Amino acid sequence: LNVTVLSFTRLYDEVGRNIGGIAGTVLGEADKVIFMSKALNSIKNELKLWHKYVGSVSFAKTILDTIGEFKINAYTSDDLLEAANSVDNSSLSTKLKELFLIYRQYDLLVGEKFIDPADSLTKLYHSLGNYSFFNNKTVFIDSFKGFTGQQFKIIERIISQAENVYIALTDDSEIKKPYSIYTNIRMAADKITRYALSCSK
């Protein structure tokens, strides 16, 4: 009765139930394409590289996949603009600026009334900033080969709130090579350890 097994997605649902729901209509794939097509058309005069593709459904899907990757890895549209302004390659800078414009316009259209599933864990992260769901809890995290940017942020919330946190990751101490099948796992472990140490100070 005192144990709950959750994935990150189910954790989003659980926290939503506890705080009265994270409001918004969840968008399906077709809905997302419609919103992206509308976003592209509304800023087509600002696009130089991709102006001629704004009417293409295939292009809308490709851009959705790209922005979805940014969201999963916790990169905002402002991060893209910052990157665009910091690179020396003018072609890359232009691409990043146009991605920034598309990303920002898409999010503006989606707004607060709708939820892109790719934003779920980001919304969960912000909700946990105001709601201590993990207070007085012991949390075990297991069966992961690595974590996305969004998941790292949730783990930070868990560590900052929970009484105890145990994380099990698969590694082989006999493999000393700097790059191996365990490289990403070791990087994840180092990142989590650094954050845990910063919380204990």
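In which hand does helix 7 pass helix 8 in their crossing? The answer is given in point 3, once the overall layout and the other contact of helix 7 have been described.

1. Overall layout. Please keep in mind throughout that this is a predicted model. The protein has eight helices and four strands, and, read along the sequence, these elements follow the pattern α-β-α-α-α-α-β-α-β-α-β-α. Taken along the principal axes, the C-alpha atoms fill a box of roughly 55 × 45 × 30 Å. Of the 201 residues, 35% are buried, while the protein exposes about 12700 Å², of which carbon and sulfur atoms supply 51%. Where contacts between residues at least 6 apart in sequence are considered, 74% of them join residues at least 24 apart.

2. Helix 6 against helix 7. The axes of helix 6 (residues 120-130) and helix 7 (residues 149-161) come within 9 Å of each other and cross at roughly 20°; angles under 35 degrees count as roughly parallel, and the two helices are therefore described as roughly parallel to each other. Their crossing is left-handed. From helix 6 the contact draws on Leu121, Thr122, Leu124, Tyr125, His126, Leu128 and Gly129, and from helix 7 on Gln150, Gln151, Lys153, Ile154, Arg157 and Gln161. Sorted by class, the residues of this contact are five nonpolar, six polar and two charged.

3. Helix 7 against helix 8. To return to the opening question, helix 7 passes helix 8 in a right-handed crossing. Helix 7 and helix 8 (residues 183-200) pack at an angle of about 35°, and their axes are 10 Å apart. On the helix 7 side the contact is made by Phe152, Ile155, Glu156, Ile159 and Ser160, and on the helix 8 side by Ala188, Lys191, Ile192, Tyr195, Ala196 and Cys199. By class, this contact of helix 7 with helix 8 has eight nonpolar, one polar and two charged residues.

4. Positive phi values. Most residues other than glycine have a negative phi, and two residues of this model deserve a look on that account. Ala74, which is found in the loop between helix 3 (57-72) and helix 4 (77-86), has a phi near 65°, a positive value in a residue other than glycine. With a relative accessible area of 23%, Ala74 is partly exposed. Ser143 also is not a glycine, and its phi is positive at about 70°; its place is in the loop between strand 3 (138-141) and helix 7. Ser143 is exposed, with a relative accessible area of 68%.

5. Surroundings of Thr25. Which residues does Thr25 contact when its neighbours within four places in sequence are left aside? Thr25 lies in strand 1 (residues 25-26), and on that basis it is in contact with Lys113, Phe114 and Ile115. The C-alpha atoms of Thr25 and Val110 are separated by 9.8 Å, although the two residues are 85 residues apart along the chain. Thr25 itself is partly exposed, with a relative accessible area of 47%.

Terms used: Residues are numbered from 1 along each chain as its sequence is written. This is a predicted model: local features need pLDDT of at least 70, side-chain atom pairs count only at pLDDT 80 or more; totals for chains, interfaces and linings use all residues. Side-chain values use heavy atoms; hydrogens and water are left out. Axes are lines fitted to C-alpha atoms, for helices over the stretch in contact, and angles run from 0 to 180 degrees between N-to-C directions. Angles under 35 degrees count as roughly parallel, over 145 as roughly antiparallel, 65 to 115 as roughly perpendicular and the rest as oblique. A crossing is left-handed if the near helix is turned anticlockwise from the far one by less than a right angle, and right-handed if clockwise. Contact means heavy atoms within 4.5 Å. Ala, Val, Leu, Ile, Met, Phe, Trp, Tyr, Cys and Pro count as nonpolar, Asp, Glu, Lys and Arg as charged, and the others, Gly among them, as polar. Buried means under 20% relative accessible area, exposed over 50%, partly exposed in between (1.4 Å probe, protein chains only). Accessible areas come from the Shrake-Rupley method with a 1.4 Å probe; for residues, only the protein chains shown count as cover.
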